[in-house]
Amino acid sequence: MERILQDLKVNIHNNIYLKDPESSNLGKKIVEFSILLIDEIGFDSFTFKKLGEKIGSNESSIYRYFENKHKLLLYLTSWYWGWLEYQLVFTTNSISDPSEKLRKTIEIVTRTTKEDSSFSHINEVLLNKIVINEYSKSYLTKEVDKENKEGYFSIYKRLVNRIKDVILEVDIRYPFPTSLASTITEGALHQHFLKDHFSSLTDCDEKTTPTIYFIDLVFNSLNNQKNG
């Protein structure tokens, strides 16, 4: 899988960027250091001026790649979901047992991210932290319906639908597969956030991971449906 991922290019909706950052060294530098800077100071305090100072480039050069920082956040989060989707597809492709495939799917979507050496300009560990802390800011906007129609969230939605399909492989009669799939995906971010910031509001900790919780939640939901 590592050799395949080295050749991976996540196809992000081209309306999100003005110029593909993967097409130049400066573009890759913008992506690399935006991750570092957003992790350091948070998305609200992040500006293209500060990023330009960080990379030793004019602020105007960043605007040649992204219209604004909202579009940059959409790019970063889309890349993350695409990277996660590829891991899910390649890891579960050879698993024939539906229950085992679902367990592995939940593990991939909910586990703590480890750095992937396949992408030298992207720190996946820090990007995962940004997704946990900032992803909701990419869609909690007045423009969300318009951007959704234009396909800005297509990778995220495709990932959720893949999870839904795996759930249906385990139980084709389960009536809420899409809701359960989106609960796993979004809920994993929330549980990681609670674990790091509001530990009294979750049972997840260093021993009880979000993965353990969601495997229990999903299979109990499916088993209760069968027994009902």
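You're looking at a predicted model, where local features need pLDDT of at least 70, side-chain atom pairs count only at pLDDT 80 or more, and totals for chains, interfaces and linings use all residues. Residues are numbered from 1 along each chain as its sequence is written, and side-chain values use heavy atoms, with hydrogens and water left out.

**The largest cavity**

- The structure holds two cavities of 30 Å³ or more (on a 1 Å grid over the protein atoms alone, a cavity is a set of points where a 1.4 Å probe fits but cannot get out, and lining residues have an atom within 4 Å of a point).
- The largest cavity has a volume of about 70 Å³ (the space filled by probe spheres set on the points, which are joined across faces, edges and corners).
- Its lining has 13 residues, with Tyr-80, Val-109, Asn-128, Ala-188 and Leu-189 nearest the centre.
- Four helices, α5 (69–92), α6 (98–110), α7 (124–134) and α10 (177–197), each give at least two residues to that lining (helices are DSSP runs of H or I, at least four residues, numbered from the N terminus).
- α10 has the largest share, with four residues.
- By class, that lining is seven nonpolar, five polar and one charged (Ala, Val, Leu, Ile, Met, Phe, Trp, Tyr, Cys and Pro count as nonpolar, Asp, Glu, Lys and Arg as charged, and the others, Gly among them, as polar).

**The second largest cavity**

- This one comes to about 40 Å³, and its lining includes Thr-77, Trp-81, Tyr-135 and Phe-153.
- α5 and α9 (154–170) are the elements that give two or more residues to it.
- Here the lining has six nonpolar and three polar residues, but no charged ones.

**The second largest pocket**

- About 190 Å³ of space lies in this pocket (an open set of points with protein on both sides within 12 Å along at least five of seven lines).
- Of its 13 lining residues, Asn-128, Lys-129, Ile-132, His-192 and Asp-196 lie nearest the centre.
- α7 and α10 each give two or more residues to this lining.
- The lining splits into three nonpolar, six polar and four charged residues.

**How α2 meets α7**

- The axes of α2 (residues 25–41) and α7 come within 9 Å and cross at roughly 50° (axes are lines fitted to C-alpha atoms, for helices over the stretch in contact, and angles run from 0 to 180 degrees between N-to-C directions).
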